Amino acid sequence: MNNKRKGFPPGMQQKLKINIDPDTLPPVVCAKCGWSVFIQANIIKRIDALHSPTGKPQPFIIPVLFCTRCETMFTSDNMIRIDEYQKLKKANTQ
Ligand SMILES: [Zn+2]
């Protein structure tokens, strides 16, 4: 058995290959205001020395998204497709 061809070239192992064409995905908007532009920021948590792989306190970075219009934090809970938002808005005005 030839093991030389096994695996990926260096640097490739960590990359997840996802065969999704972004053009086919439905756009999502802010559930509060319907806006579709978000800015990324980070929440920093502290990993205490006891739980840190280096034995020293480490920052633990959690990226978060904010709507650039109403500044609502964007999570999977308030992620809504644009057509769903329009339907909701229509229902609320009736
Ligand atoms: Zn918004």
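Me: Which residues does Trp 35 touch, not counting residues up to four places away in sequence?

Reply: In this predicted model, Trp 35 touches Val 29, Cys 30, Cys 67, Thr 68, Arg 69 and Cys 70, once residues up to four places away in sequence are set aside. Trp 35 itself is found in the loop between strand S1, residues 28-30, and strand S2.

Me: Is Trp 35 buried, exposed or partly exposed, and how many C-beta atoms decide it?

Reply: A residue is buried if 20 or more other C-beta atoms lie within 10 Å of its own, exposed if 12 or fewer, and partly exposed in between. Trp 35 has 15 other C-beta atoms within 10 Å, and therefore counts as partly exposed. For the protein chain as a whole, 4% of the 94 residues count as buried.

Me: What separates the C-alpha atoms of Trp 35 and Ile 82?

Reply: These two residues are 47 residues apart along the chain, and their C-alpha atoms are separated by 8.9 Å. On contacts in general, among those in the protein chain between residues at least 6 apart in sequence, 53% join residues at least 24 apart.

Me: In what order do the elements of the protein chain run from the N terminus on?

Reply: The protein chain has one helix and five strands, and from the N terminus on the elements run β-β-β-β-β-α.

Me: What phi does Glu 71 have, and where is its place?

Reply: Glu 71 has a positive phi of about 65°, although it is not a glycine, and its place is in the loop between S3 and S4. Because Glu 71 has 11 C-beta neighbours inside 10 Å, it counts as exposed.

Me: What span should helix H1 have, and how many of its residues are buried?

Reply: An α-helix has 3.6 residues a turn, so residues three or four places apart point the same way. At 1.5 Å a residue, the 12 residues of helix H1 (residues 82-93) should span 16 Å, and the end C-alpha atoms are 17 Å apart, which agrees. Of the 12 residues of H1, the number buried is zero, so H1 lies largely in the open.

Notes: Residues are numbered from 1 along each chain as its sequence is written. This is a predicted model: local features need pLDDT of at least 70, side-chain atom pairs count only at pLDDT 80 or more; totals for chains, interfaces and linings use all residues. Helices (H or I, at least four residues) and strands (E, at least two) are DSSP runs, numbered from the N terminus. The expected span of a helix is 1.5 Å times one less than its number of residues. Two residues are in contact if their C-beta atoms, placed from the backbone, lie within 7 Å.
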